[in-house]
Amino acid sequence: MKKGRHFWLFAILLIFVIISGYGMAKYYQGLKYPVHVSEPVWENDAEKELYLHLREVANLEKLIEEIDQRLADILEQNHLLISKTSEEIRDWEIYENINLQWNEKSIAIEVPTFARVPKEIDEVKLIIETVLDMESTFLNSNQNETEDIVEETISIGLSWKDREIVTHQFKLVKKKPKARLAIIIDDLGYSWSEFETMMTIPRPMTFAVLPELSGSEEQAKRVLKEKYHLILHQPMEAVSSIDPGPGAILTTMSEEEIVKTLDSNLEGLPEGIIGVNNHMGSKATADSRVMEIILRYLKDRDLFFIDSSTAPNSVVPSVAKQVGEAYAKNYIFIDNVNEIDVVKEYIRKAGQLALKNGQAITIGHVKQFTGKAILEMIDELESLGIQIVYVKDLLK
């Protein structure tokens, strides 16, 4: 009897283990291979078609919202100034009694001309294009140009069922400058207090650093860190007996000595120098032999030259043309008199020269009032349509 009881207990236990094992196997199989929720069961085809149409509309509305959010994010990230925005509700009956509704946004964007980092309309279009994918796209574009502005209107949206759904219309407006003015600040390497003021100028600026001074390397690094342009302010021999300073090029030097001097001056400064202008140099820039050696050296290293215009008989234009070197020249010094009102008046004269010729280059120095005067004159210059640019933009 006991033997029979043990048999039945063993059988019941075996059945329990088998059932439990099967249940656990199904559970874990469900975790690894989940059963998808099946489509709803419809009473008829009309009900199924209605459901599919409504789902299609919901997907479209969600996609439009995603496009809108991506565009808003990309405009904010690139600090693009929205001057005006408006919305208009659009309604499209896709199927009988089934409507797609969305807000078509019209956005006016000022493409910066007068800024630390100016942009072109095509650059802004590329920024907008980064949010587009296979489903959203440029639908059309139309550009108009007047004497003062370039304006382009672009439409973005979806092409769906042979119809274009416009989600955004952008009006990109860029003011055209009447003239361009490049400002070079010479004599970096000395004063730190006035140098700090220079580092606050919110426009393209080109800084010229002297070699072998106590502050030369650190100030050069700071200029590059602040993403201004940096050139070597190369000391050169003057007609007078004034010493040009360390690292100078003299007209008595051989070609080997001139090349060695340039090598040493450039190697003593951080990488990132894109050009050279002369410090003093009224005698050197009038010497064809010396300038040919210098300009060929610079051309071979893809460095431009700016003639500071310290010599009335400079040979830089003719020699630069002869060797094929990119160059430009200074038109006016703005701070020979160290008084803020006088400096501002010379900046004003530089602006008038730019308006007369289409462009101009002016040179200032790391002096007490120069940085402050430039800061105070920016609005006046730009109100006249004068764009402050890097000197590299004005090369011949």
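1. In this predicted model, helix H6 (residues 255-267) and helix H7 (residues 288-300) have axes that come within 10 Å and cross at roughly 45°. Angles of 65 to 115 degrees count as roughly perpendicular and those under 35 degrees as roughly parallel, and H6 and H7 are therefore oblique to each other. The crossing in which H6 passes H7 is right-handed.

2. On the H6 side, the residues that meet H7 are Glu-255, Ile-258, Val-259, Leu-262, Asp-263 and Leu-266, while H7 contributes Arg-289, Val-290, Ile-293, Ile-294 and Tyr-297.

3. Setting aside neighbours within four places in sequence, His-279 is in contact with Asp-187, Leu-210, His-233, Gln-234, Pro-235, Met-236 and Pro-244. With one of these, His-233, the side chain of His-279 also makes a polar contact of 3.2 Å. Ser-309, which stands 30 residues from His-279 in sequence, is 10.0 Å from His-279 in space, C-alpha to C-alpha.

4. Helix H10 (residues 370-383) includes Glu-382, a charged residue by type, which at 13% relative accessibility counts as buried. When residues up to four places away in sequence are not counted, Glu-382 touches Phe-114 and Arg-203.

Definitions and conventions:
Residues are numbered from 1 along each chain as its sequence is written. This is a predicted model: local features need pLDDT of at least 70, side-chain atom pairs count only at pLDDT 80 or more; totals for chains, interfaces and linings use all residues. Side-chain values use heavy atoms; hydrogens and water are left out. Axes are lines fitted to C-alpha atoms, for helices over the stretch in contact, and angles run from 0 to 180 degrees between N-to-C directions. Helices (H or I, at least four residues) and strands (E, at least two) are DSSP runs, numbered from the N terminus. Angles under 35 degrees count as roughly parallel, over 145 as roughly antiparallel, 65 to 115 as roughly perpendicular and the rest as oblique. A crossing is left-handed if the near helix is turned anticlockwise from the far one by less than a right angle, and right-handed if clockwise. Contact means heavy atoms within 4.5 Å. Buried means under 20% relative accessible area, exposed over 50%, partly exposed in between (1.4 Å probe, protein chains only). A polar contact is a pair of N or O atoms within 3.5 Å; within protein, one must be able to donate a hydrogen and the other to accept it, and residues adjacent in sequence count only if both atoms are side-chain atoms.
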